Amino acid sequence: MSTPSRRRRMLGVPLLVTALLAGACGDGGENDGGGDAAPSATSAAPAPTSATPSASQSSGGPVTIPTSAFADLPPEMRKIDAQPMEVTDALPGLCDQEFRSGGRSVTASAAMMSAYKQPKDPPENVPYGTLHQTVFAFEGTGAADYLRRVSGAVADCRSFQASGGTVTVRSERMAGTGDEALLVTVSRPATNLDGSPAEGRATSQILVIRVADAVTVVHDQGWEGSSNDPGLADDVARAAVRGLESWQR
């Protein structure tokens, strides 16, 4: 088996830290974070210690997405604290841009990246995986419309070709998660740290969860290209729902 050991991987990979991105779409297209508009800052900044807003103008005034709206994993799973990142970098891509917001009903968006560990991992281990999470705020029926559109687009994307071979995609509804939720499992040929082919396949998962007028997209990936642990999907989903409910309910 030539898959790399997690213990041998370097931990000192710097996190990208950028300003949270405002998410109103001005042209009704597949844009997130205001289309071509530049974020308010692009230089590295310290991790926020309080709610860091991502605001954009809507018919009801500015909309703010607080950091409390993001998933807060149990203490035994936390490895690297969440840092803000670009929405366009956080959203996964499969056959096409299935997870882009699109439409004028988006009033704000923001994204964070964090790293987690298995509950029993020793402290010296590198992270087990990373979460790239995006939160969208919608008006009207936008949130339900978004989930319906994403569900249809992912269902049409059963496989595609990528570097190294065929990537397969499987989606299913998650009962009892938020107001409605979708779980997407992606399987791709495994690679070594240098990008060369390895034995077997690597999996990642994407959670799309709606609570009231907000939707979160959580991309759960194993550390540096390894597989995530599908058994953690429920833990991640519960943490994501708690964050949205603390803001929306």
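Is V87 buried or exposed, and what is its relative accessible area?

Mentor: Happy to! V87 is buried, its relative accessible area being 0% (buried is under 20%, exposed over 50%, partly exposed in between, with a 1.4 Å probe and protein chains only). This is a predicted model, in which local features need pLDDT of at least 70, side-chain atom pairs count only at pLDDT 80 or more, and totals for chains, interfaces and linings use all residues. Residues are numbered from 1 along each chain as its sequence is written, and side-chain values use heavy atoms, leaving out hydrogens and water.

V87 belongs to helix α1, residues 87–90 (helices are DSSP runs of H or I, at least four residues, and strands runs of E, at least two, numbered from the N terminus). A110 lies 23 residues from V87 in sequence, yet their C-alpha atoms are 6.0 Å apart.

Now compare helix α2, residues 142–155. Buried in α2 are G142, A143, Y146, L147, V150, S151 and V154. Viewed down the axis, these buried residues fall within an arc of 170°, so they line one face of α2 (the arc is taken from directions between the helix axis and the C-beta atoms). That buried set packs against β5, β7 (165–173), β8, β9 and β10, where contact means heavy atoms within 4.5 Å.

Terms used:
Expected span 1.5 Å × (residues − 1).
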